[in-house]
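Welcome! Take a moment to look at the sequence and the model below, and then let us walk through them together.

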Amino acid sequence: MQPRNMSMSGVVDLAAVKAAGEAKAKAEQARAEAARQGGGGAVAPSSLVIDVDEAGFERDILQRSAEVPVVIDFWAEWCEPCKQLSPVLERLAQEYNGRFVLAKIDVDANQMLMQQFGIQGIPAVFAVVAGQALPLFQGAAPEAQIRGTLDQLIQVAEERFGLTGVTVDSDAAGEEPAAEAAVPAGPYDALLEAAVQALDAGDFGGAVQAYKNVLSDDPGNTEAKLGLAQAELLGRVQEMDPQKARQEAADNPADVAAQIAAADLDLVGGHVEDAFGRLVETVRRTAGEDRDAARVRLLELFEVVGPDDPRVTSARSALARVLF
């Protein structure tokens with residue numbers, strides 16, 4: 001069975017949340033208790049994005065979800081798609097101005113939470129509303145679809161649970177960070193920054209061109225090579241109908257183009273090993289131009305994940321076995 005695509009097409013029907021009445025009552029009780037104790041006041045903008053670990057999960061997520069929807073971003077330092085998704089979620093948390101709070105959980109440091117949520121690939125995004133955990137989506141996704149999911153979440157949180165969010169005090173900026181010594185800009189910093197901004201805006205063609213501009217002068221630039229591979233992948237997936245692409249791959253195992261497209265979807269969805277395994281198997285059973293096409297795409301996906309990732313090392317060994 002092919003792995004389930006949990007990008008935006010996998011958003012759950014939040015209106016079908018079980019025990020909504022009971023959860024709403026608990027949320028109202030918690031808000032009343034917070035008000036009685038003098039809580040529930042305005043929060044600083046910095047409080048809209050928080051890092052959470054296992055020790056603080058109940059306080060920072062479960063209890064807070066009685067007042068405002070909490071969106072959870074499960075991520076890891078080695079996860080390249082996470083590095084594209086997380087900044088978008090952080091920016092939207094500020095833009096939505098208290099309609100939801102973003103909690104970031106590093107899965108490497110919080111394996112128990114990852115297991116409890118049943119996460120099989122990252123990035124993975126959940127919400128907790130009045131103590132109820134809701135899966136939202138897995139993998140990278142266009143910003144417009146992320147906004148649609150957040151709007152749906154906020155609407156249901158308000159209508160079914162009575163959660164209207166928190167008030168943000170824009171003047172309560174918190175402690176000013178210590179001044180850091182200025183670091184001279186590198187020769188390609190402006191181009192790389194332009195590429196990142198293009199990625200955040202969903203302009204994958206612009207990001208590709210910006211990274212290529214760097215590589216034309218500095219072919220060995222690691223950041224540009226990695227960014228280019230990511231931008232090209234996201235650009236390819238943006239044009240796909242995920243359901244149709246996966247069905248074509250399932251119905252036509254000998255169709256190399258279909259398997260390559262499905263591998264792209266696997267990787268964007270966080271199913272790294274599935275993507276690699278699919279292409280290694282395609283290389284194994286093909287020859288000539290078809291084999292080369294699958295091999296080249298596999299090498300491109302290695303660039304997206306990064307050469308130091310153990311899954312890349314394992315897949316390289318598997319590729320060598322089927323080639324030689």
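Where is Ala201 found? Ala201 sits in the loop between α6 and α7. Its relative accessible area of 60% makes Ala201 exposed, where exposed means over 50% relative accessible area, buried means under 20%, and partly exposed is in between (1.4 Å probe, protein chains only). Ala201 and Ala144 are 57 residues apart in sequence, and their C-alpha atoms are 9.7 Å apart in space.

Before going on, a word on how to read the numbers. Residues are numbered from 1 along each chain as its sequence is written, and side-chain values use heavy atoms, with hydrogens and water left out. The model is predicted, so local features need pLDDT of at least 70 and side-chain atom pairs count only at pLDDT 80 or more, while totals for chains, interfaces and linings use all residues.

## The whole chain

The protein chain has 13 helices and five strands. Both are DSSP runs numbered from the N terminus: helices are H or I with at least four residues, and strands are E with at least two. Of the 324 residues in the protein chain, 46% are buried. The accessible surface comes to about 16300 Å², and carbon and sulfur atoms account for 50% of this surface; such areas come from the Shrake-Rupley method with a 1.4 Å probe, and for residues only the protein chains shown count as cover.

How does the chain meet itself? Take the contacts (heavy atoms within 4.5 Å) between residues at least 6 apart in sequence: 72% of them join residues at least 24 apart.

Helix α7 covers residues 204–217, which is 14 residues. At 1.5 Å a residue it should span 20 Å, and its end C-alpha atoms are 21 Å apart, which agrees. The expected span is 1.5 Å times one less than the number of residues.

Which residues of α7 are buried? They are Phe204, Ala207, Val208, Ala210, Tyr211, Val214 and Leu215. These residues cover an arc of only 165 degrees around the axis, so they lie on the same side of α7; the arc is that of the directions from the helix axis to the C-beta atoms. The buried residues of α7 pack against α6 (189–200) and α8 (222–238). On the other side of α7, Gly205, Ser216 and Asp217 are exposed.

## Charged partners

The structure has 16 salt bridges, each being a side-chain nitrogen of Lys or Arg within 4 Å of a carboxyl oxygen of Asp or Glu. Here are three of them.

| Salt bridge | Closest N and O atoms |
|---|---|
| Glu143 and Arg91 | 2.7 Å |
| Glu281 and Arg284 | 2.4 Å |

Glu143 is buried at 18% relative accessible area, whereas Arg91 is partly exposed at 33%. Arg91 and Glu143 also belong to a network of salt bridges that includes Glu95 and Arg147.

Glu281 and Arg284 are three residues apart in helix α11 (residues 272–284), so about one helical turn separates them. Glu281 is partly exposed at 30%, Arg284 is partly exposed at 46%, and Arg285 is partly exposed at 37%.

## Aromatic rings

How many aromatic pairs does the structure hold? There are six. Rings of Phe, Tyr and Trp (its six-membered ring) pair if their centres lie within 6.5 Å; planes under 30 degrees apart count as stacked, over 60 as edge-to-face and the rest as tilted.

Phe74 and Phe126 form an edge-to-face pair, 5.9 Å centre to centre with 85 degrees between the planes. This pair links distant parts of the chain, with Phe74 in strand β2 (residues 70–75) and Phe126 in strand β4 (residues 124–129), 52 residues apart. Phe74 is buried at 0% relative accessible area, and Phe126 is buried at 11%. Phe126 also forms an edge-to-face pair with Phe117, at 5.0 Å centre to centre and 80 degrees between the planes. Phe117 is buried at 16%. Together with Phe57, the residues Phe74, Phe117 and Phe126 form one aromatic cluster.
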